[in-house]
Amino acid sequence: MHEHVLHDILQQLARAAHDAGRPVPRLLAVSKTQGETAVANLARQGQVAFGENYVQEALAKQAALAASAPDLRLEWHLIGHLQSNKAADAAAHFDWVHTVDRPKLVAALARHRSVEQAPLSVLIQVNIDDEASKHGCRPDDVPALAEAIAAQPALRLRGLMVIPTPHPDPEQRRPAFRRSKALFDSLTRAHRDIDTLSMGMSDDFAVAIAEGATLVRIGTALFGARPRPA
Ligand SMILES: *Cc1c(COP(=O)(O)O)cnc(C)c1O
């Protein structure tokens, strides 16, 4: 991965934000399926936040990086669906979890976050437009889930995360991004210090930023196409 790729993406984020009159969002580098060398290379160029989908894969990568590049201080975000039986590892080894969508997970993460660690930053994953998706809570469930998270000292509610239904034309995702921003704004009335709306990926980040994303999750545009599982 060449130096200019990260620089180019950061410029594209800044341009999209500028064009829309929005603040520049944070970049989450989605490193699933990428080896620790690719992560270390990007980290040496200044990238801090990395997103992983699978707990076991992330733990192996973190261990490899701790051995090969102990000086790197990275911020790890879990962006994949989280099963309750993996909550202990997620709570111990991530800084953020984007995929909290049920009360059981709130309790499990809080129970396993050590008091010696900073509170775990948590986003509520909302199923914003995909009736068929099993993941993400319903928009109506957000207030109660937010209360449950806010009641846990081991957790820190940061905002919302959405994955709108895939569509070849990113414009078709705009209404879902807009509804997500409205839901985020209404949540700020009860939770004034939330600061993160996680939405937008390689093919639609410009639309997501225009609609108010504060963090975009980008893999392919940074690292190239992921190898397909055999
Ligand atoms: C893989 C993934 C991404 C990154 O997707 P790209 O299209 O490679 O940028 C973002 N968010 C989630 C939840 C993902 O699983």
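This note sets out numbered points on the predicted model above, for a reader new to it.

1. Basis of the model. The model is predicted, so local features are given only at pLDDT of at least 70 and side-chain atom pairs only at pLDDT 80 or more, whereas totals for chains, interfaces and linings use all residues. Residues are numbered from 1 along each chain as its sequence is written, and side-chain values use heavy atoms, with hydrogens and water left out.

2. An unreviewed UniProt entry assigns "domain: Alanine racemase N-terminal" to residues 11-227. UniProt positions follow the numbering used here, feature names are shortened, and annotations may be inferred rather than shown by experiment. The span of residues 11-227 is 40% helix and 18% strand, and its end C-alpha atoms lie 26 Å apart. Helices (H or I, at least four residues) and strands (E, at least two) are DSSP runs, numbered from the N terminus.

3. Strands β1 and β8. Strand β1 (residues 26-30) runs parallel to β8, and 4 bridges join them; two strands pair if DSSP finds at least two bridges between them. Within this pairing, Val 216 in β8 is the bridge partner of Leu 27. In a regular strand the side chains alternate between the two faces of the sheet. In β8 (residues 215-218), Leu 215 and Arg 217 point one way and Val 216 and Ile 218 the other, and all are buried. Buried means under 20% relative accessible area, exposed over 50%, and partly exposed in between (1.4 Å probe, protein chains only).

4. The annotated lysine. For Lys 32, the unreviewed UniProt entry lists "modified residue: N6-(pyridoxal phosphate)lysine". Lys 32 sits in the loop between β1 and α2 (36-44). With a relative accessible area of 18%, Lys 32 is buried. Apart from neighbours within four places in sequence, its contacts (heavy atoms within 4.5 Å) are Gly 51, Glu 52, Asn 53, Glu 57, Lys 61 and Arg 226.

5. Thr 33 counts as partly exposed, at 38% relative accessibility. Gln 34 is found in the loop between β1 and α2 as well, but counts as buried at 13% relative accessibility. Beyond residues up to four places away in sequence, Gln 34 touches Glu 57, Lys 61, Phe 223, Gly 224 and Arg 226.

6. Surroundings of the ligand. Among the residues around the ligand are Val 30, Lys 32, Asn 53, Met 201, Ser 202, Arg 217, Ile 218, Thr 220 and Arg 226; a residue is near a molecule or strand if one of its heavy atoms lies within 4 Å of it. The following contacts are polar, that is, pairs of N or O atoms within 3.5 Å; within protein, one must be able to donate a hydrogen and the other to accept it, and residues adjacent in sequence count only if both atoms are side-chain atoms. An N or O atom in the side chain of Asn 53 is 2.7 Å from an oxygen atom of the ligand. Polar side-chain atoms of Ser 202 and Thr 220 each lie 2.5 Å from an oxygen atom of the ligand. The protein covers 89% of the 390 Å² of accessible area that the ligand has on its own. Accessible areas come from the Shrake-Rupley method with a 1.4 Å probe; for residues, only the protein chains shown count as cover.

7. Strands β5 and β6. Strands β5 and β6 run parallel and are joined by 7 bridges, with Ser 121 opposite Arg 156 in β6. Because 7 of the 8 residues of β6 are buried, this strand is largely enclosed by the rest of the structure.

8. A buried arginine. Arg 158 belongs to strand β6 (residues 155-162) and counts as buried at 12% relative accessibility. Its side chain makes a polar contact of 2.9 Å with that of Asp 195. Leaving aside neighbours within four places in sequence, Arg 158 is in contact with residues including Trp 96, Ser 121, Phe 184 and Thr 196.

9. A partly exposed histidine. His 93 lies in helix α4 (residues 87-93) and is partly exposed, with a relative accessible area of 36%. Neighbours within four places aside, His 93 is in contact with Leu 59, Gln 62 and Trp 76.
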